[in-house]
Amino acid sequence: MRYSQYFIPTLKETPADAEIISHQLMLRAGLIRKVASGIYNYLPLGLRTIRKVEAIVRAEMDRAGALEILMPMANPAELWQESGRWEKYGKELLRFKDRKEAEFCMGPTHEEVVTDIVRREVRSYRQMPLNLYQIQTKFRDEIRPRFGLMRGREFIMKDAYSFDVNEAGAIAAYDKMYQAYRRIFERCGLNFRAVEADSGAIGGNYSHEFMVLADSGEDAIVSCNSCQYAANIEKAEARPPGAPEHCDPRPLEKVVTPGQRSIEEVSTFLGIAASETVKCLIFVADGEPVAVLLRGDHELNEIKLSKVLGASELALADEALVSKVTNAPVGFAGPIGLSIRVIADLAVAGLRNVVVGGNAADLHLKNANPGRDFTPSLYADLRNVVHDDLCPRCQGGVLEMWRGVEVGHVFKLGTRYSEAMKASFLDNDGKEQFVYMGCYGIGIGRTAAAAIEQNHDAGGIIWPMAIAPFEVIVTMLNPNDESVRTTAEALYTELQGLGVDVLLDDRDERAGSKFADADLIGIPLRVTVGARGVKDGILELQERRSGEKDLVAIAAMAAAVAEKVRLAKA
C-alpha cells in the first residue's frame, strides 16, 4: 500500500476528551474517529489491526473445534424474557420497538439467541459436544462510555458457546477454550494473566478473565510470585490466618473518642495501628440488617459478602438504621451487645485486645476479644487481598498487585440458560436432560486498545508484529530522486512477493515528518531509502521497539525483513 494513496489522518495534538493513552494514540494515529458517545468509526489503519486480531481469533477457535455462525444484533424480547434477563439486565440493555410494536433489544451478548438455536436443532446426545462462535457487533448502553474502544457502547466481540451432555463434558470444553485463549493472546504478542473471576450478570459458577497487564488498567488483579494462581480483586482469596499467638486478654476498657469516627481518626487519636482496630459496618441484605466485622486496615469486598449472605440485594444501611440497631451515630458501631446478626472476616478471628466501637456517641472500647466479648455467627473471607498477602494455593508464595485490562472472559454456565429456556436432549437411556453450557468472549477492539496501553512510548504506538496494521514501512527520503524511487519501488514489490505487509511512504514530505508519522502509527520495522545509501548499496533497517539500526545490503534487505517478521510472529 502506498502512503500517498492511503487514508491516515494523523493529528499532532491530543484531543481534549481522550483520557488514556490508547484512546489518545488511536485518535492521533488515525485509527478511529468518534461518531457519538461510545461509538466509533474504524478507519483503514485501525481496521487492518482489527482484522488481524480477528484472524488470530478465528484460527484458534477453528483449531479448538468451534464452528463459526453469525447471529443478529436485534434480539426479540421474548427470548430475553424466557431467560429472565429482560428485567434484570438493567438500562445497559438497549430496548426498542419495531413498526408493529414488537419489543426488541440490541444484543449485548447472545446466550439467549444461541440457546434458542440449539433447543430447536439439537435433540440427541449424539449431536454434542457442540461449540458455536461468532464475531459480531454488540451494543451495551453504558452509563458513562469512556476511554475510546476500552469502554464503548458499540463494540466488536467474539463470543462462543459450548453445549455438552454433562458437567464433565462442559469442563472439558471450558479447558479447551481456556487453552485457546492463552494461545490467542500469546500470538497477539501480549503480556497477560488468566485470573479467577466473578461471573457477574452472565451467570454461572466458574470463570476466568484474561487481563493484559498495563499501568492504566481499570481492574486490580493479583498473582502469586511462586505459582500460577491469579485472580481479580473481586475474586482473590486471602489465605486464612494461622492460629493466633498466645496473648492474655486484658480487661475491656471504655475510652472517650469525641468526634473520632473513621478508623484513621480513631487509630491516630489512640496512638495505635489501624490493624489493632475492628470496624463494624452495618449492611442491609435482602431487607435484613447485618453487622460485618473487618480488621481496621482491611477493605470489604461486597461481592464476597453478597455470596456469603446469599443476598440478591445488598446496601450500606442509612444513618437512621445504623442509629436504630447500634444506639449510636455512624462511626461508633461495634460488635458488642448487638441484637442483629454479626459476621466477621477470617482475619478478625486471630485478633486480640483490639479497639471496637462502643455503640454510643463518642465512645470506643479497648481490649475487645472475639470469643469473650463478641461471637460472630460466621467467619468467612470477606475482604480484598493486599500486596504481600500469603498465597492461598501454595506454600511460600506471596501475592503481587497489578493493573489489568480485561480482554477476554470464559464462563462455565452449567444449565442456567438451558433450564430457563427448555434446551434439552435425550440421553443414551432415552431420558430428557438439560444441556450443559459454557460461554467465552473476547473484545476485539479492546484487545487492540490494550496492546497500545502495553506497547507505546513518547513517539506513539509500538505494535506487536502479529497485529500491526503493516509489518514494515519503506520510507523514501527523497521520492523525486530517481535512484531512491526505483530502489524503494523494487524493495516494495519484492516484500509484497514475500508476503510481507508493507507500507510505502512515497509522500513528498520532510524526512523528520515521515519518521515521526512512522513512529506514531507504530509500524514494527522501518527501512529508510536515501540517496547516499543507494549509492553505497546499503539501506538502514530500524526496529520500532528497540530503536536498533542495521545497515543491510540492498539485495539482501527483503530477505532480512521477511526473516525478522517471521521470528517476531513465531
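My entries follow, topic by topic.

**Ground rules.** I am working with a predicted model, where local features need pLDDT of at least 70, side-chain atom pairs count only at pLDDT 80 or more, and totals for chains, interfaces and linings use all residues. Residues are numbered from 1 along each chain as its sequence is written, and side-chain values use heavy atoms, with hydrogens and water left out.

**Cysteines.** How many disulfides does the structure hold? I found zero, taking a disulfide as a pair of cysteine sulfur atoms within 2.5 Å. The sulfur of Cys227 has its closest cysteine sulfur in Cys224, but at 3.7 Å that is too far for a bond. Cys439 is in no disulfide either, as its nearest cysteine sulfur, in Cys105, is 16 Å away.

I then checked burial (buried is under 20% relative accessible area, exposed over 50%, partly exposed in between, with a 1.4 Å probe and protein chains only). Cys227 is partly exposed at 24%, and Cys439 is buried at 3%.

**Lys52.** I located Lys52 in helix H2, residues 44-63; helices here are DSSP runs of H or I, at least four residues, numbered from the N terminus. Is Lys52 buried or exposed? It is buried, with a relative accessible area of 14%. Leaving aside residues up to four places away in sequence, Lys52 touches Ala466, Ile467, Ala468, Pro469, Glu471 and Asp501, where contact means heavy atoms within 4.5 Å.

Key: Helices (H or I, at least four residues) and strands (E, at least two) are DSSP runs, numbered from the N terminus.
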